[in-house]
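Below is a short report on a two-chain model. Look at the sequence and the structure first, then read on.

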Amino acid sequence: MPILEVKNLSVVQNRRPVLEEISFSTEKGEILAVIGPNGAGKTTLFRAILGAQKFRGEIIKAKGTRIGYVPQKLDLERDLPVTVREFLTLRPHEGEDKNHSPERVLQMVGLQEILLKRKIGELSSGELQRIMVAWSVIGHPDLLLFDEPTASIDIAGQGTVYDLLHRLQDEQGLAVILISHDLSVVYKYADKVLCINRSQVCFGHPSEALSPDELGKLYGGGKKFYHHIHDTHENN
Amino acid sequence: MKTTDFLYTLLAGSAIAAAGGMIGSFALLRRMALVGDALSHIALPGIALGLIFHFNPFLGAFLFLALGTLIIWTVEHKTKLPVDTLVGVVFTLALAVGALLSTEEEILEALFGDITSITGLDMLVAVLISFIIVFLLLFYYKKFSLTLISPDLSLSVGYKPHMLELLFLTIFALGVAAGIKFTGVLLIGSIVIIPAATARNIAPSMRSYIWLSAFFGVLGAVVGIFAAKIYGLAPGPVFVIIAGIFFFASVFLRKS
């Protein structure tokens, strides 16, 4: 049974369609990448899954599904008096969980323990994004929603985050839905890919779903674009 | 002023200031400072109705505040209008209605408060309400903090941010209604904003921030009420001035 099934999802904002007739599903232990140009409705799709956005259609989550969410950015005031440790303990989880203590999750995303005493508003955007990734895995979620989780993270950090994703998916059978602009990441890590540009352009295994035609439809780049992707793919 | 009256003033003032400071620490997590200040003015017609029809003005104030916050909360979620626009409209409407309903003398007391005229029962009610506010804020500490920092994250862990916002606004309304006797409608915002803003300048963590907000509230109230007694002044405005001095002192301690 899929952990998440979306059927004919449509969203209208200010009387304009933002998403039209999106349908896909994802299983346990699967990484699904969502790609599409800016303004394609990717973040809106996440907000609909979270329940923060009104929609038509169906979003069916398996019973008891816990979600870990990493937003694209968190708009924090610099002097927000909340330490990293406090922020990490704001996520509810059952009982004492040594595997997901603030120290442990920080280690998982490759950050030093000393950061626990810092205020979250003072972190660099890359540090904050890694903290958000750490935050999302506390309490054993079944489904992770990552909105460009590595947009502000340096190259070494990006590797850590994607390796972590891969490990979590392997060890705990998590389902991960990942918005990414980096097609090499999609080819390397994703089991399935969903391309949207307001309406659904493709859905399936990356090597089958991402044909030159589909990519052309998605980004309007055509053949030239495809060659670039092809190279990236081979390099990996 | 009799010693018992002074004690009543001191107890009620400190309790309200502690609760107000704590409310403020949460309100300032989401730039709600001026919204909260304007919101408090909605109490005015309620106080006026209480005075005209001889029921407790606190009750009138709370009913109007609860109604006002409910209207603002509902319209905000239905229309996505910015909350400060809504508060601006509702609070000036309420002020206009309040001004029509009250006499000049009543308006002055409602605007600037007078805690020295409180009875033993008033004091007990103020302390009890403050206790309930502090209890609720500590009980929902994690839920409120997360919801005020990011409603989307709150939603993602299964909380109901809209309902938590309504609960927080109701607690806010309760605190404002309880504090109005002390500082009046015009200065009530100071009980909520100034101690929390002071604490924020020096607190190294959320925990210390919440407790320091309550502490600066109580300190301002105690010093203010004693100073007001010695110099024969109204305690409300003196509290605000003392709290303001603490704030400017804390600015210098702020780590940039």
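What percentage of the 236 residues of chain A count as buried? The value is 40%. A residue is buried if 20 or more other C-beta atoms lie within 10 Å of its own, exposed if 12 or fewer, and partly exposed in between, with C-beta atoms placed from the backbone.

## Basis of the model

This is a predicted model, in which local features need pLDDT of at least 70, side-chain atom pairs count only at pLDDT 80 or more, and totals for chains, interfaces and linings use all residues. Residues are numbered from 1 along each chain as its sequence is written, while chains are lettered from A and ligands numbered from 1 in the order in which they are written.

## Chain A

Chain A has nine helices and nine strands. Helices (H or I, at least four residues) and strands (E, at least two) are DSSP runs, numbered from the N terminus. The radius of gyration of chain A is 18 Å, close to the 18 Å from the globule rule for 236 residues, so chain A is as compact as a globular protein of that length. That radius is taken over C-alpha atoms, and the rule is 2.2 Å times the number of residues to the power 0.38.

Along the principal axes, the C-alpha atoms of chain A fill a box of roughly 50 × 40 × 35 Å. Take the contacts in chain A between residues at least 6 apart in sequence: 68% join residues at least 24 apart. Two residues are in contact if their C-beta atoms, placed from the backbone, lie within 7 Å.

## Chain B

Chain B has 12 helices and zero strands. Its radius of gyration is 18 Å, which agrees with the value near 18 Å for a compact globule of 256 residues. The C-alpha atoms of chain B fill a box of roughly 55 × 45 × 30 Å along the principal axes.

Of the 256 residues of chain B, 52% count as buried. For contacts in chain B with a separation of 6 or more, residues 24 or more positions apart account for 74%.

## Where the chains meet

Chain A gives 15 residues to the contact and chain B gives 16 residues. The chain A side has 10 nonpolar, two polar and three charged residues. Here Ala, Val, Leu, Ile, Met, Phe, Trp, Tyr, Cys and Pro count as nonpolar, Asp, Glu, Lys and Arg as charged, and the others, Gly among them, as polar.

## Helix pairs in chain B

Helix H1 (residues 3-27) and helix H11 (residues 206-231) of chain B have axes that come within 7 Å and cross at roughly 150°. Axes are lines fitted to C-alpha atoms, for helices over the stretch in contact, and angles run from 0 to 180 degrees between N-to-C directions. H1(B) and H11(B) are therefore roughly antiparallel. Angles under 35 degrees count as roughly parallel, over 145 as roughly antiparallel, 65 to 115 as roughly perpendicular and the rest as oblique. The crossing of H1(B) and H11(B) is right-handed; a crossing is left-handed if the near helix is turned anticlockwise from the far one by less than a right angle, and right-handed if clockwise. The contact of H1(B) with H11(B) has 13 nonpolar, 10 polar and one charged residues.

Helix H6 (residues 104-112) and helix H10 (residues 161-202) of chain B pack at about 60°, with their axes 3 Å apart. H6(B) and H10(B) are therefore oblique to each other. H6(B) contributes Ala110(B), Leu111(B) and Phe112(B), and H10(B) contributes Gly184(B), Val185(B), Leu186(B) and Leu187(B). By class, this contact has six nonpolar, one polar and no charged residues.

## Positive phi in two loops

Most residues other than glycine have a negative phi. Asn14(A) has a positive phi, near 50°. Asn14(A) lies in the loop between strand E1 (4-13) and strand E2 (16-26) of chain A. Asn14(A) counts as exposed because it has 6 C-beta neighbours inside 10 Å.

His54(B) has a positive phi too, near 60°. This residue lies in the loop between helix H3 (43-53) and helix H4 (57-79) of chain B. His54(B) has 7 C-beta neighbours inside 10 Å, so it counts as exposed.

## A buried leucine

Leu86(B) sits in helix H5 (residues 83-101) of chain B. With 21 C-beta neighbours inside 10 Å, Leu86(B) counts as buried. Leaving out residues up to four places away in sequence, Leu86(B) touches Ile72(B), Val75(B), Glu76(B) and Leu81(B).
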